[in-house]
Structures are given as C-alpha cells and as structure tokens.
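Biologist: Please take one part of this model and walk me through it closely. I would like the cut-offs spelled out as you go.

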Amino acid sequence: IFTSASKTSPYVGGIQKIGTSVTMECVARGVPDPKTVSWYHGILPLPTSSDKYVIDSISKDDKGDYYCVAGNNYGMIYSAKVALQVQYLDTDFEAISCYKKKKKKKY
C-alpha cells in the first residue's frame with residue numbers, strides 16, 4: 001500500500017486563520033485497493049472513515065499534526081504527518097503591571 005496525506009482546499013502551507021475551512025485528503029493506492037481509511041489528530045482518532053477530512057471552521061484547538069491510515073487485506077500504512085498551524089489572538093492573558101521608577105533621595 002502507498003499512502004500520503006495532503007491538505008487540498010485551501011493549500012495550508014502556512015498559517016490558517018480561525019474560522020476558515022480546510023480539507024485534507026488521504027491518497028492511498030495498493031493491490032488490492034485500500035478498503036479502510038482512518039484519520040488522526042495527534043494520537044486521537046477522528047470520527048470519519050472518508051478519504052477526506054474537513055474542518056468547516058478552524059479553531060485554536062485544531063492546531064497540530066494530522067495523518068491518515070489506509071488498509072487492505074495485507075496490512076495498514078501510515079501517511080506522513082501534516083501540520084496545521086492556526087493564527088489566533090490569545091485573549092487568555094494576564095495584565096502586566098507597570099511600575100514607576102523610584103526617585104533617588106537627595107541628601
């Protein structure tokens with residue numbers, strides 16, 4: 001079996017903005033043809049058995065590595081990982097306190 005995972009729509013070579021859509025495709029060939037396809041985000045399995053995985057509206061939780069696994073009667077093969085980077089403004093921050101320099105006392 002030969003397999004590869006790629007991002008197809010839009011091309012995700014760079015950073016994607018929150019709210020955009022992305023489609024990743026698992027291209028697998030073998031003899032016999034692969035019968036199963038699974039997708040993973042990191043080590044977590046994703047709820048699809050399609051050769052395409054679609055994220056309709058990217059959130060910051062979608063960042064990370066994705067890969068597919070294709071299989072037939074003779075075994076399974078893992079694709080290379082595809083990194084999804086997400087651009088976002090993190091609003092969970094602490095205010096940095098400002099301070100005034102103390103004036104030196106004159107004696």
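Modeller: Happy to! A residue is called buried under 20% relative accessible area, exposed over 50% and partly exposed in between, using a 1.4 Å probe and protein chains only. This is a predicted model, in which local features need pLDDT of at least 70 and side-chain atom pairs count only at pLDDT 80 or more, while totals for chains, interfaces and linings use all residues. Residues are numbered from 1 along each chain as its sequence is written, and side-chain values use heavy atoms, leaving out hydrogens and water.

Let's start from V86, which counts as buried because its relative accessibility is 11%. V86 sits in strand β9, residues 82-87; strands (E, at least two residues) and helices (H or I, at least four) are DSSP runs numbered from the N terminus. In a regular strand, side chains alternate between the two faces of the sheet. In β9 the covered face holds V82, L84 and V86, and the uncovered face holds A83, Q85 and Q87.

Next, the partners of β9. Strands pair when DSSP finds at least two bridges between them. Strand β2, residues 15-17, runs parallel to β9 with 3 bridges, and I15 stands opposite Q85. The C-alpha atoms of V86 and Q16 are 4.9 Å apart, although 70 residues separate the two in sequence. Strand β7 also has 3 bridges to β9, this time antiparallel, with Y66 opposite V82.

Now for contacts, meaning heavy atoms within 4.5 Å. Beyond four places in sequence, V86 touches I15, Q16, I18, I58, S59, K60, D62 and K63. Among these, I58 has its own list, again leaving aside neighbours within four places: Q16, K17, I18, G19, T20, V22, L84 and V86.

Strand β3 covers residues 22-29 and includes E25, which is partly exposed, as its relative accessible area is 23%.

A covalent link comes next: the whole structure has 1 disulfide, a pair of cysteine sulfur atoms within 2.5 Å. C26 is joined to C68 with an S to S distance of 2.1 Å. C26 lies in β3 and C68 in β7 (residues 64-72), so the bond ties together parts 42 residues apart in sequence. The link of C26 and C68 is right-handed, at 70° about the S-S bond, and both cysteines are buried.

Finally, the rings. Phe, Tyr and Trp rings (six-membered for Trp) pair if their centres lie within 6.5 Å; planes under 30 degrees apart are stacked, over 60 edge-to-face, and the rest tilted. The structure holds 4 aromatic pairs. Y67 and Y78 make a tilted one, 6.0 Å centre to centre with 35° between the planes. Y67 in β7 and Y78 in β8 (residues 75-78) are 11 residues apart. Y67 is buried at 12% relative accessible area, whereas Y78 is exposed at 52%. W39, Y53 and Y66 form one aromatic cluster, and Y66 brings us back to β9, where it faces V82.
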